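Thank you for making the time this morning. I would like to walk through one model with you, and I will take the helices and the aromatic rings in turn.

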Amino acid sequence: ASSLIMATASQRTHLVARLMSPLVLLVSLSFADEVLALQPARGPVGPNSARTPAAASTPMASASLSVETPSAAAAPFDMEAFDKAVMNTYGRFKLAISHGEGCSLFDTEGKRYLDFAAGIATCTLGHADERLASAVSAQMRKVNHVSNLFYIPQQGELARRLLETNNLDRAFFCNSGAEANEAAIKLARKYAHDKRGVKKPVIITAVNSFHGRTLATITATGQPKYQAGFGPLVPGFEYVPYNDVAALEETVRKFTGPKLPFGLGEEGELAAIMMEPLQGEGGIRPGSTEFFEAARRLCDETGALLMVDEVQTGVCRTGSFWAHQKLGVEVDVLTSAKALGGGVPIGAMMCKTSCDVFTPGTHATTFGGNPLACAAGNAVLDAIEEDKLLENVNARGEQLQAGLRKLQETMPLITDVRGWGLIVGFELAPESGITAAALCGEVLKKGLMTVPAGPSVLRMVPPLVVSEAEISEALSIVEVALRELVVASK
C-alpha cells in the first residue's frame, strides 16, 4: 500500500494491474463441479510455452503493460494458510497466479500459462491491458464510488453506448451476472403484477441452463445439482428442454389456459420466457432460430416478456455484439456481466421502455454502476471499437473451430465441435473414458488453461485479443494432451 501511495502515476498504473491479476484468476479457476476433486501435479511446459511474454504477442501487444517476473527470492505462496482463512467453495488447482500479460498468465513459480479460460469468459482484453488499467487508476484518483442517489456521468455514458448496440431503451447496473438476472426476474414479476394483473407469475427457463448462484437464480437454473441442499426453492419457475419448440409451446399452454372460478386449479400465469442464446454451463449449445422465433411469438401472443441471459455470451464473445442477434429476434430484457468490465465486477440489465416498471425504491444496489466500474466498462468498449475486436473474434473463432475439426478427423473420441466466435466447446465420447475435467487438468500441466462445460465438454474462451499464433499453440497442446490420455487409457 505504501508503494502505491508513493509511486508516480505510471508506476501506480503498473502496480494496480499487478494487484488485480490474482483477483481475476480467482474467478478463472472457479471451474465447474466436475473439477472439484481434481488436483493435477505439475508437468512439462507445452509447445512454445517457453516463449517470453514479449514473444507471446497478441493483436494488442502494444497495449499491454510491461510486467516483471517476481524475484526468485520472493517467499513462496502459502496455500495452507490460504485454505485456513478462505471457505472451501472452489475446487482450486494447486497453483497461484502472480501476474499476467495479454493472453498469458504466470504463476508464483514463474511458469507461463496460455489463458483460454479468461476468468470464465470475462477478461475481454486479456491481462494487464494498459488502457483498462489506466482508465481504472485514473478514475480511482478522482472518485471511485458515490451513491446512486446522485447522478454518475460515467454510468450514463456506459448506458447510452450499450443501448446503441441493441433494441433496448433503459439500463440498470449492478455487480454481477447473478444480480443482473435477479433484476430481470424481479422486473418480469412486477410487470406481470402491475401491467397484466397476474397473481402467480411463472417464468419458463431451460433444462441445463445456468443463471447464477443466488436463491432465485439457482431456481431459474435448470440443473438440480446446483439446487441441492438449498430448498425450499423460489416458486414460479418451469423448465423445458432447450431448443424443443413443441415442449415450449405445451408448457406455455399450461400457463395460459382458461381459468376456473375462485382461482381453483390455477397453477400460475406466464410472465416471461428466460433463455441463454447459447448455453454455456450446459455444454456450449447454441440456440436454434426456430426455438427463439417460437419464444418471441409465444410472448407476443400472451403478453409475456422474452428475456435473454447474455452474461457469458454478450459483449462480442460470439462474434456479434450480442449473441441473440445471431438468431434474428428482438428481446424485451437482456442481462450482461463478465466481459462488460474486462475483469472489473459489473453487471447490467437492459429493457424496453414498455416493460420498465421499476420506480424509486422498488430495486436498488449500493455498488452497481459506480464510477470505477463504469470507467472500466467504457474502456472495454473503447478497445472493442479501436481494435475492431469483432473482426478478430470471428477470424480466430473460425481458426479455432477449424483446428478442432481437423483434430477430430484423426481422433474420433471428439464427437462434436460447436460454438460461436470465441466461445467454443468440443465433446468427448463417453466410451473413451476421458472426461472434460481430466483433459482440463492435463492441458493445464502443459501450460494451457481451459474450463469444463459439463462432464464431457471442454470449453475454450480466450480473451478477445487472442492472436493467430496463440490459437495454434493452444491447438497443439490439446492434441498432445489428448493423444497422451488415449495412450494412458489403453
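This is a predicted model: local features need pLDDT of at least 70, side-chain atom pairs count only at pLDDT 80 or more; totals for chains, interfaces and linings use all residues.

The buried residues in H14 are Ala 436, Ala 437 and Leu 439, then Cys 440, Gly 441 and Glu 442, and finally Val 443 and Leu 444. What lies over them includes strand E3 (112–115), strand E14 (423–428), strand E15 (448–449), strand E16 (451–452) and strand E17 (457–460), together with helix H15 (468–489). After H14 comes Gly 447, which has a positive phi, near 95°.

Let me now step back to the chain as a whole. The chain has 15 helices and 17 strands, and of its 490 residues, 55% are buried. If we take the contacts between residues at least 6 apart in sequence, 74% of them join residues at least 24 apart.

I turn next to two helix pairs, and I begin with helix H10, residues 245–254, and helix H11, residues 289–302, which pack at an angle of about 15° with their axes 9 Å apart. Because angles under 35 degrees count as roughly parallel, H10 is roughly parallel to H11. The crossing of H10 past H11 is right-handed. On the H10 side the contact is made by Val 245, Leu 248, Glu 249 and Val 252, while H11 contributes Glu 290, Phe 291, Ala 294, Ala 295, Arg 297, Leu 298 and Thr 302. Sorted by class, the residues in this contact between H10 and H11 are 7 nonpolar, 1 polar and 3 charged.

The second pair is helix H6, residues 153–163, with helix H12, residues 371–386, and here the packing angle is about 35° and the axes are 8 Å apart. H6 and H12 cross in a left-handed sense. From H6, the residues Gln 154, Gln 155, Glu 157, Leu 158, Arg 161 and Leu 162 meet Pro 371, Cys 374, Gly 377, Asn 378, Leu 381, Asp 382 and Glu 385 of H12. The contact of H6 with H12 divides into 5 nonpolar, 4 polar and 4 charged residues.

That leaves the aromatic rings, and the structure holds 5 aromatic pairs, of which I will describe two. In one of them, Phe 77 and Phe 82 form a tilted pair, with 6.1 Å from centre to centre and 55° between the planes. Phe 77 counts as partly exposed at 41% relative accessibility, and Phe 82 is also partly exposed, with a relative accessible area of 24%. The other pair joins Phe 291 and Phe 292 in an edge-to-face arrangement, 5.7 Å centre to centre with 80° between the planes.

Note on methods
Residues are numbered from 1 along each chain as its sequence is written. Side-chain values use heavy atoms; hydrogens and water are left out. Axes are lines fitted to C-alpha atoms, for helices over the stretch in contact, and angles run from 0 to 180 degrees between N-to-C directions. Helices (H or I, at least four residues) and strands (E, at least two) are DSSP runs, numbered from the N terminus. Angles under 35 degrees count as roughly parallel, over 145 as roughly antiparallel, 65 to 115 as roughly perpendicular and the rest as oblique. A crossing is left-handed if the near helix is turned anticlockwise from the far one by less than a right angle, and right-handed if clockwise. Contact means heavy atoms within 4.5 Å. Ala, Val, Leu, Ile, Met, Phe, Trp, Tyr, Cys and Pro count as nonpolar, Asp, Glu, Lys and Arg as charged, and the others, Gly among them, as polar. Rings of Phe, Tyr and Trp (its six-membered ring) pair if their centres lie within 6.5 Å; planes under 30 degrees apart count as stacked, over 60 as edge-to-face and the rest as tilted. Buried means under 20% relative accessible area, exposed over 50%, partly exposed in between (1.4 Å probe, protein chains only).
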